[in-house]
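Please read the following report alongside the sequence and the 3D view.

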Amino acid sequence: MNTKKHIQIYTLFSGSSGNCTYINCGGTEILIDAGAYSRATEKALNSLGSSLSSIKAVLVTHEHSDHIKGLPVISGKYRIPVYAESACALKIKGVKPFLLNTFTPGEEIEIGPVAVSSFRTFHDSSSCCGFVVKYSGHSFGYATDTGRLSDEIYQNLLPCSAVILEANYDRDMLFSGSYPHFLKLRIASDTGHLDNDRSAELCAFLASHNTKRVLLSHLSAENNTPEAALRAVQRSLADCSCQLSVDIAQRFMPTELVDLYV
Ligand SMILES: [Zn+2]
Ligand SMILES: [Zn+2]
C-alpha cells in the first residue's frame with residue numbers, strides 16, 4: 001500500500017481579477033482567499049481532481065473583492081469555515097456568523113494535521129495577513145498585497161521551502177503608464193503592493209536560506225509583465241549566486257507551486 005502523502009499547492013487565480021490558492025496536505029484541503037466566483041473555483045478545483053465539497057477551510061488575507069468575492073457563496077453553499085483576522089472579519093459581508101472564525105496574527109490555527117500561522121502585511125485594507133502552512137515537517141509561505149516588507153515577513157518566510165510571493169508591478173512601467181497619478185501613488189505606497197525589485201530581493205534572501213521554489217503572483221496586467229518580474233528575480237539571484245526555481249502564477253489557470261508525495 002502506498003502510504004506516501006500527497007502535498008499540492010496551486011494558485012487557481014492570481015491578479016486583480018481574483019486570487020485563490022489551493023492547498024492539499026495529505027487530504028486536508030484548504031483555500032487561501034476566494035476571489036473568484038463559486039463556479040469558476042469549482043471548475044479549477046475539478047481540473048486538479050478536487051472539488052469545493054472537499055475544502056475544509058478558507059483562510060482570508062483581507063477583505064478586498066479580488067480576495068473574497070466568491071467567499072459568501074463558496075462558504076455558505078458548502079458549509080466551509082472561514083478564518084479571518086478580527087478587524088477583517090468585521091468587514092466581510094454575507095458569510096454566515098457560525099462559519100466565521102477569527103484569529104490574531106502570530107496565532108497558530110490547526111486544520112486537522114495542518115498548522116497555519118499568520119503574519120501582518122502592509123496594505124490599505126482593515127488588516128492584511130500572510131500565512132505559513134506547516135505539514136509533516138514542511139513549511140510553505142504565502143505573502144501578497146503588501147506595500148513594504150518587514151523583518152517579521154522575512155523571518156516568517158525564512159523556513160519555507162516554497163513560497164507564493166507578490167510581484168505586482170515594475171516601477172518604471174507603473175510611473176510611465178496610464179494610471180491616474182493618485183492610483184500610482186496608492187500602488188507604490190507603503191500600504192499598496194510589492195514591486196518586482198523588492199520581491200526579487202526577498203527571493204534572493206530566501207534562496208540563500210531554505211527556499212527552493214517561488215511562484216511570483218498578483219502581477220498587474222497593466223504595470224508588469226511576466227518577463228519583467230522574472231528578469232528582476234534572475235538579476236537578484238545572479239548577485240548572490242543563489243539557485244531558485246521561479247515561475248509566474250497564471251491569472252486564470254491553476255499554476256503549480258508544489259506537487260509531491262512525502
Ligand atoms: Zn488588496
Ligand atoms: Zn489583491
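Arg79 is exposed, since 11 other C-beta atoms lie within 10 Å. Arg79 sits in the loop between helix H3 (71-78) and strand S5 (82-85). Helices (H or I, at least four residues) and strands (E, at least two) are DSSP runs, numbered from the N terminus. Although Arg79 is not a glycine, its phi is positive, about 50°. Most residues other than glycine have a negative phi.

His218 also has a positive phi, of about 55°, and is not a glycine. Is His218 buried or exposed? His218 is buried, with 27 other C-beta atoms within 10 Å. Its place is in the loop between S12 and H9.

## Basis of the model

This is a predicted model, in which local features need pLDDT of at least 70 and side-chain atom pairs count only at pLDDT 80 or more, while totals for chains, interfaces and linings use all residues. Residues are numbered from 1 along each chain as its sequence is written, and chains are lettered from A and ligands numbered from 1 in the order in which they are written.

## Helix H1

In helix H1 (residues 38-47), the buried residues are Thr41, Ala44 and Leu45. They line one face of the helix, because they fall within an arc of 100° seen down the axis of H1. The arc is that of the directions from the helix axis to the C-beta atoms. The face turned away from this buried side carries the exposed residues Arg39, Lys43, Asn46 and Ser47.

Strand S1 (6-13), strand S2 (20-25) and H3 are included in what covers the buried residues of H1. Just after H1 comes Gly49, with a positive phi of about 80°.

## Helix H9

Helix H9 has 15 residues (226-240), which at 1.5 Å a residue should span 21 Å; its end C-alpha atoms are 22 Å apart, which agrees. The expected span is 1.5 Å times one less than the number of residues. Ala229, Ala232, Val233 and Ser236 are the buried residues of H9. They are on the same side of H9, because they cover an arc of only 90° around the axis.

Glu227 and Ala238, on the other side of H9, are exposed. The buried residues of H9 pack against helix H8 (196-207), strand S12 (213-217) and strand S13 (245-248). After H9 comes Ser241, whose phi is positive, near 50°.

Strand S10 (residues 138-143) is largely enclosed by the rest of the structure, because 5 of its 6 residues are buried. Strand S9 (residues 129-135) runs antiparallel to S10, and 5 bridges join them. Two strands pair if DSSP finds at least two bridges between them. Lys134 stands opposite Ser139 in S10. The hairpin formed by S9 and S10 has 2 residues between the strands, and Ser136 in the turn has a positive phi of about 50°.

With strand S11 (residues 162-166), S10 pairs in the parallel sense over 4 bridges. Here Tyr142 stands opposite Ile164 in S11. S10, helix H5 (residues 151-157) and S11 make a right-handed β-α-β unit. Right-handed means that, with the strands pointing away from the viewer, the path from the first strand over the helix to the second runs clockwise.

Tyr135, in strand S9, is buried, with 21 other C-beta atoms within 10 Å. Not counting residues up to four places away in sequence, Tyr135 touches Ile7, Cys25, Gly26, Pro113 and Val114. Contact means that the C-beta atoms of two residues, placed from the backbone, lie within 7 Å.

Thr121 lies in the loop between strand S8 (114-120) and S9. Thr121 is buried, with 27 other C-beta atoms within 10 Å. Thr121 and Thr61 are 60 residues apart in sequence, and their C-alpha atoms are 9.0 Å apart.

## The nonpolar core

Which residues touch the most other members of the largest nonpolar core? They are Val58, Leu59 and Leu165, in a core of 69 residues. A nonpolar core is a set of buried Ala, Val, Leu, Ile, Met, Phe, Trp, Tyr and Cys residues joined through C-beta atoms within 7 Å. Leaving aside neighbours within four places in sequence, Val58 is in contact with Leu31, Ala34, Leu71, Ile74, Ser75, Ile80 and Val82.

Key:
A residue is buried if 20 or more other C-beta atoms lie within 10 Å of its own, exposed if 12 or fewer, and partly exposed in between; C-beta atoms are placed from the backbone.
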